[in-house]
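This briefing covers a protein model with its chain contact, overall build and strand pairing. Please keep the sequence and the structure in view while reading.

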Amino acid sequence: MHLAWEPEDEAFRSELIAFLDEHAPSETRAQRDFAGEDAGEDLIPKWARDWQATLFDHGWMIPGYPPELGGRNCTPVQTLVYLEEMTSRGIPRSLHFPGYAIVAPSLLEFGNEDQKLLAPAAIRGDTIWCIGMSEPNAGSDLAALSTRADVHDDHFVVNGQKVWTSYATHSQMCCCYVRTNPDVAKHKGISLLIVPMDTPGIEVRPLRHISGSDGFAEVFFTDVVVPRENLVGGLDDGWRLTQGSLAHERAGLWVEGVARLEQSIDGLVELAKRRGVAADPIVRRRIAEGYQRAASLSALGYKGFTSFAQGTSAPEHSYMKMATSELGKALYELGMEIQGPYGPVTDVDRGEEHGRWVNSFFVSFANTIAGGSSEIQRNIIAQRVLKLPRG
Amino acid sequence: MDFAFSSDQDLLRETARNLLARECTPSVLRGHRDDPAAAAPLWNHLRDFSALGAGPTVDLCVFAEETGYVAAPGPFFATTALFQPVLGAIGSGLADRASTGEITGTVALAGADGFWTINKDRVKTFVLDADTVDVVALVEMSDGGGASVTLLEHPSARRVETIDSSRPVFEVDVTAGERIPVDADVVDALVARATVVLAAEMVGTARRLFDMSLQYAKDRRQFGVPIGSFQAIQHKLADMSLDLERAWSAVYYAAMALDADEPTAYRQRAVHVAKAAAGEAAKRAAKDGIQIHGGIGYTWEHDLHLFIRRAYASEALLGTTGWHHDRLGDLLFAKR
């Protein structure tokens, strides 16, 4: 047990810092104050595309990957150091996560040789991907999805609807989960298809976020023809592919969540000073409680990472996802409360920080819902970690 | 950064766990309530581990977590976490005898308000186990602003009843004796270290409450099914386990920070976080634990209350959760 990093890992950090100092564009700094997801008017601005390509070309996009996939074959510990440094500086890697974080790893793990060739462009951000998962009647119960793909000799015909599909308005490609066999148990009749978004029969209708910005969409499929070779993995074997993500980065996903919490705490202290309530014992205690919970979660993240790096299973991921999203929401709400009557003000001239706290609060509603709601995380903890019986 | 125990630490934990499961059963706790001598056999075993008081904080925390799990009575915590460091700070010749378990001791520092900040109050409060230890180390604020230590053998002490009989507390009057000067910062640092060790103990107590409640949820059947299959119960246990996990992590983070001699402000924050996180975990485990048990948990005959009592008494000792949050707030607002 010790807190220090090894010298070779600190050398790795220094190399990263030197790269960031030289290459990170000024726009990356502007991201740090907000809850993420919400990039404003332009969903994927040009600077963000250029930055993602720069990271890829220098081996800093997914450093655990080999150079041809935008990395430098670094160790798991160095990946954690990378995430620490990027997030504590508030520098995003990419403003569209599905391609590099989910699609590429899934294709590399489950795809055939031709499909694997799609991965580099997904990671570099040259191809924008969306993922067709949720449907109007399949949310937390994803396996109940009903978008149908009829199987023909050399192609599929897809009919149905996806919803909450992030980046669908900007995507060239979609990784789409479809039902290929309605006659078996719901988990056993699902397949994964690669669907080019310009295929006839696809209609994308933007859905506006609660925060007012366009981010996700409904996607309608009407007799969409998809070639047989676009099937990823086996027919009816798509369910296990839904678990695909950057397995070697999963143990570090919490780092970004914790970094945002720490930035919120710093921001709350400054906000309280500006609003003249820095001496209010209730305000001080509530900010301190937030600090304590963020700091103890950070320690839990490192503990989980130690288990992961040693090859033991690390259930901390579910804890961290649930706890960081819930605490984040509470801190943004506290920021509003500290402003009293001005909490909901977004007016640039009168509110605090262009409505930072109320806007982040609204955006953060998504964090306890998307990617497995807090209630689903508690079910997972109870049943998989604590081994309680299913209800 | 490495959160894994060494093989020696694993062995220490296993040894402590097996010994305490055997020697500190709930019937020992119940016996000790009426007669302090009932815990004497336990001390005969624990004295062999007294050297932990002079070793790394992490190792002492590993052991304390297990004593907390069984709510161990006796002078182990007072001697290793408080008394030995005070002897070390003043260079006392008794230090060696304390670390071999030959003598036991406790520290009288808190004043009328009950918080462990150096003071000039004439009555010292929350002196642990003062009836059974050999020596009480009295810590006072000196006229110059520094501190002094006076070693008193078997001073008279007044018992103050609390809900927790496993760790009796006393009032001790300041009396004349040889005052040995000590740096106030050194005293603050050793209180901080003892606070982390107590937090480790509390994590152990919270884990006991959690384990009992989890097992009960799996065993107890209502409406034809285990109550642990109900989502209302599952989500309570998930939240209890989250608080427990983050408290454990915060405690060992703080212990590592103390052992690594990190900068003072960094260590102070880690200590406050550890005690406050342990306080939240212990209180949640106590309240939700009894709720999950239902009526049987409310009875004297069930063992649950033995650990609820220890949890709440420890939460109030060496700074409550709220007090540590307030000190954290002071540190957060002091910077820049």
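The points below are grouped by topic. The model is predicted. Chain A has 13 helices and eight strands, and its contact with chain B takes 34 residues from chain A and 40 residues from chain B.

- On the chain A side, the elements that give two or more residues are helix H10 (281-309), helix H11 (316-338) and helix H13 (374-385).
- H10(A) gives the most to this side, with 15 residues.
- By residue class, the chain A side that touches chain B divides into 21 nonpolar, seven polar and six charged residues.

**Overall build of chain A**

- The secondary structure of chain A comes to 13 helices and eight strands. The radius of gyration of chain A is 22 Å, close to the 21 Å that the globule rule gives for 391 residues, so chain A is as compact as a globular protein of that length.
- Along its principal axes, the C-alpha trace of chain A spans about 75 × 50 × 50 Å.
- Of the 391 residues of chain A, 45% count as buried.
- Among contacts in chain A between residues at least 6 apart in sequence, 71% join residues at least 24 apart.

**Strand pairing in chain A**

- Strand E7 (residues 214-227) of chain A pairs in the antiparallel sense with strand E3 (residues 155-166) of chain A over nine bridges. Within this pair, A:Phe156 stands opposite A:Val226 in E7(A).
- E7(A) also pairs in the antiparallel sense with strand E6 (residues 202-208) of chain A, over seven bridges. Here A:Glu203 has A:Phe220 in E7(A) as its bridge partner.
- The hairpin of E6(A) and E7(A) has five residues between the strands, and A:Gly212 in this hairpin takes a positive phi near 100°.

**A sheet in chain B and the helix across it**

- Four strands of chain B form an open sheet in the order E1-E3-E4-E7, with mixed pairing.
- Strand E1 (105-108) and strand E7 (180-182) of chain B stand at the edges with a single partner strand each, so one side of each is left without a neighbour in the sheet.
- On average, neighbouring strands of this sheet are turned by 30° against each other, direction ignored.
- Strand E4 (residues 147-153) of chain B pairs with E7(B) in the antiparallel sense over three bridges. B:Val149 has B:Ile180 in E7(B) as its bridge partner.
- Helix H5 (residues 76-89) of chain B lies across E1, strand E3 (135-141), E4 and E7 of chain B, and runs at about 75° to E1(B).

How values were computed
Residues are numbered from 1 along each chain as its sequence is written. Chains are lettered from A and ligands numbered from 1 in the order in which they are written. This is a predicted model: local features need pLDDT of at least 70, side-chain atom pairs count only at pLDDT 80 or more; totals for chains, interfaces and linings use all residues. Two residues are in contact if their C-beta atoms, placed from the backbone, lie within 7 Å. Ala, Val, Leu, Ile, Met, Phe, Trp, Tyr, Cys and Pro count as nonpolar, Asp, Glu, Lys and Arg as charged, and the others, Gly among them, as polar. The radius of gyration is taken over C-alpha atoms; the globule rule is 2.2 Å times the number of residues to the power 0.38. A residue is buried if 20 or more other C-beta atoms lie within 10 Å of its own, exposed if 12 or fewer, and partly exposed in between; C-beta atoms are placed from the backbone. Two strands pair if DSSP finds at least two bridges between them. Axes are lines fitted to C-alpha atoms, for helices over the stretch in contact, and angles run from 0 to 180 degrees between N-to-C directions.
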